[in-house]
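Please keep the sequence and the structure in view while reading.

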Amino acid sequence: MTEKAINQNQETEVIRGLEGVVAAETDISFVDGVHGDLYYKGYNIHEIADHTTSYVEVVYLLLNGDLPTRQELKKFRRKIVSEMRVPTQVIKMMEIMPPSSHPMDVLRASVSALSFFDTDAKDNSPEASRRKGIRIIAQIPTLVASLYRIRKHKMILSPDPGLNMAENILYMFHGEVPEDLHARAMDQLLLLHADHGLNASTFAARVAASTHADIHAAVTAALATLKGPLHGGANERVMKMLRKINNIDEVEEYINSMLAQGQRVMGFGHRVYIKEDPRARHLRKMSEELCRQSENKNLYKISHKIEGIVLEAKGIYPNVDFYSATVQNAIGIPSDFYTAIFAASRISGWVAHVLDQYDNNRLIRPTSKYTGEYNRHFVPVKERSGNKKQS
Ligand code: COA
């Protein structure tokens with residue numbers, strides 16, 4: 001290797017975690033970290049959370065760029081519900097997965113398997129990719145609820161065309177039409193998690209899409225990435241932590257001892273937001289309302305106290321995952337399914353981003369700084385002795 005090449009490599013600056021690197025152009029969502037705002041297609045998330053009729057309206061917005069008219073929304077809802085059924089072969093596959101396997105792992109394998117049975121499997125034209133994308137958006141909630149029923153040895157339920165997506169998810173989980181507050185809570189979860197700029201799982205989906213891999217492959221990559229505890233897997237760990245705190249008097253000691261040991265408090269901190277994650281505001285409110293009504297009133301109080309302690313000690317705010325845990329707990333979702341519910345929503349953002357990537361593609365292929373040795377000489381195996389380093 002020439003000295004020039006070595007010098008060039010050594011001068012390369014590495015941006016750890018790609019912080020601040022602009023890797024794509026998109027008009028789908030904007031995360032304003034400085035002011036603590038989030039916009040979907042230009043609409044502030046607070047207005048969306050307060051005024052949308054349901055999550056499917058947000059899906060329409062993300063995929064089409066504008067809010068639907070009443071007629072368009074009705075047609076789109078019908079389309080989504082009509083695509084919610086999943087092939088029986090995939091259900092059978094979920095049935096034979098070990099009961100100890102994590103729901104996110106089963107979901108990842110099942111979404112990958114959906115591609116084998118998709119009528120558009122071999123067609124990766126823009127029209128077919130869009131059809132497949134809408135189908136996956138509709139099918140993931142069914143897969144998640146069906147897996148729950150399999151784990152509980154209960155009959156799998158088909159979606160009810162008369163219910164909206166949030167109601168249908170809870171109906172397919174619990175076997176009864178949910179009360180209004182629970183349906184509203186699920187709807188808020190879905191619409192608040194739908195998209196979030198170039199987060200890790202969306203980036204993974206775009207990287208896969210940039211190779212012209214099909215949309216099932218791109219979504220499978222996104223699901224694998226979402227599972228990690230520094231991303232979507234945080235909500236499950238929040239509940240794990242809350243369960244270890246028996247009452248409000250234990251909070252201070254528990255959290256301070258975590259921080260003293262250099263541990264991360266799950267559901268806190270964010271790469272982009274300097275202030276509070278705007279989604280946390282809505283989930284905090286929902287969590288308070290739900291916990292007040294449930295037998296687990298203490299969970300909200302404990303969570304709120306944790307928030308104050310972490311803010312004072314580290315200046316860090318809760319992110320979307322923190323109150324998502326108590327909201328999901330209150331509506332009867334078991335903690336190992338929390339990240340899968342996140343996925344049942346984020347799929348709409350992933351699909352919008354994958355279609356966006358296909359539309360304006362350039363292979364995503366960054367480079368790395370080489371930190372190894374230069375110009376070593378290859379020694380044939382028969383001439384190598386012991387474990388001694390060859391040069
Ligand atoms: N608890 C305690 N300290 C935290 C923290 C948390 N949840 N999140 C960040 N910090 C601290 C780090 O220890 C570090 O402190 P130091 O400089 O004294 O070492 C500082 O804040 C910066 O952390 P860093 O890891 O560089 O920030 P990041 O931008 O790479 O990380 C997250 C962002 C989200 C990965 C990080 O905040 C985290 O791990 N949060 C917990 C997991 C979570 O909730 N993920 C869901 C995100 S939506």
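## L355 and its surroundings

Apart from residues up to four places away in sequence, L355 touches S129, R130 and I215, where contact means heavy atoms within 4.5 Å. L355 belongs to helix α17, residues 338–359. Helices here are DSSP runs of H or I with at least four residues, strands are runs of E with at least two, and both are numbered from the N terminus. L355 has 15% relative accessibility and therefore counts as buried; buried means under 20% relative accessible area, exposed over 50%, and partly exposed in between, with a 1.4 Å probe and protein chains only. The C-alpha atoms of L355 and T326 are separated by 33 Å, although the two residues are 29 apart along the chain.

## Basis of the model

The model is predicted: local features need pLDDT of at least 70 and side-chain atom pairs count only at pLDDT 80 or more, while totals for chains, interfaces and linings use all residues. Residues are numbered from 1 along each chain as its sequence is written, and side-chain values use heavy atoms, with hydrogens and water left out.

## Overall form

The protein contains 17 helices and 3 strands. Its C-alpha trace spans about 75 × 55 × 45 Å along the principal axes. For 391 residues, a compact globule would have a radius of gyration near 21 Å, and the 23 Å of the protein agrees with this. That radius is taken over C-alpha atoms, and the globule rule is 2.2 Å times the number of residues to the power 0.38.

Of the 391 residues, 50% count as buried. The protein exposes about 20,100 Å², and carbon and sulfur atoms supply 50% of that area; accessible areas come from the Shrake-Rupley method with a 1.4 Å probe, and for residues only the protein chains shown count as cover. Among contacts between residues at least 6 apart in sequence, 73% join residues at least 24 apart.

## Helices α3 and α4

Two packed helices are described by the angle between their axes and the distance between the axes. The axes of α3 (residues 55–64) and α4 (residues 70–82) come within 10 Å and cross at roughly 100°. Axes are lines fitted to C-alpha atoms, for helices over the stretch in contact, and angles run from 0 to 180 degrees between N-to-C directions. The helices α3 and α4 are therefore roughly perpendicular to each other; angles of 65 to 115 degrees fall in this class, those under 35 count as roughly parallel, those over 145 as roughly antiparallel, and the rest as oblique.

On the α3 side, V56, E57, V59, Y60 and L63 make the contact, and on the α4 side E72, L73, F76, R77 and I80. By class, this contact has 7 nonpolar, no polar and 3 charged residues. Ala, Val, Leu, Ile, Met, Phe, Trp, Tyr, Cys and Pro count as nonpolar, Asp, Glu, Lys and Arg as charged, and the others, Gly among them, as polar.

## Further buried residues

T142 is placed in helix α7, residues 126–151, and counts as buried at 4% relative accessibility. Leaving aside its neighbours within four places in sequence, T142 is in contact with M84, V86 and M172.

P178 lies in the loop between α8 (165–174) and α9 (180–192) and counts as buried at 16% relative accessibility. Not counting residues up to four places away in sequence, P178 touches E167, L170, Y171 and A183. N199 is found in the loop between α9 and α10 (200–210) and is buried, with a relative accessible area of 10%. With residues up to four places away in sequence not counted, N199 touches H231 and R346.
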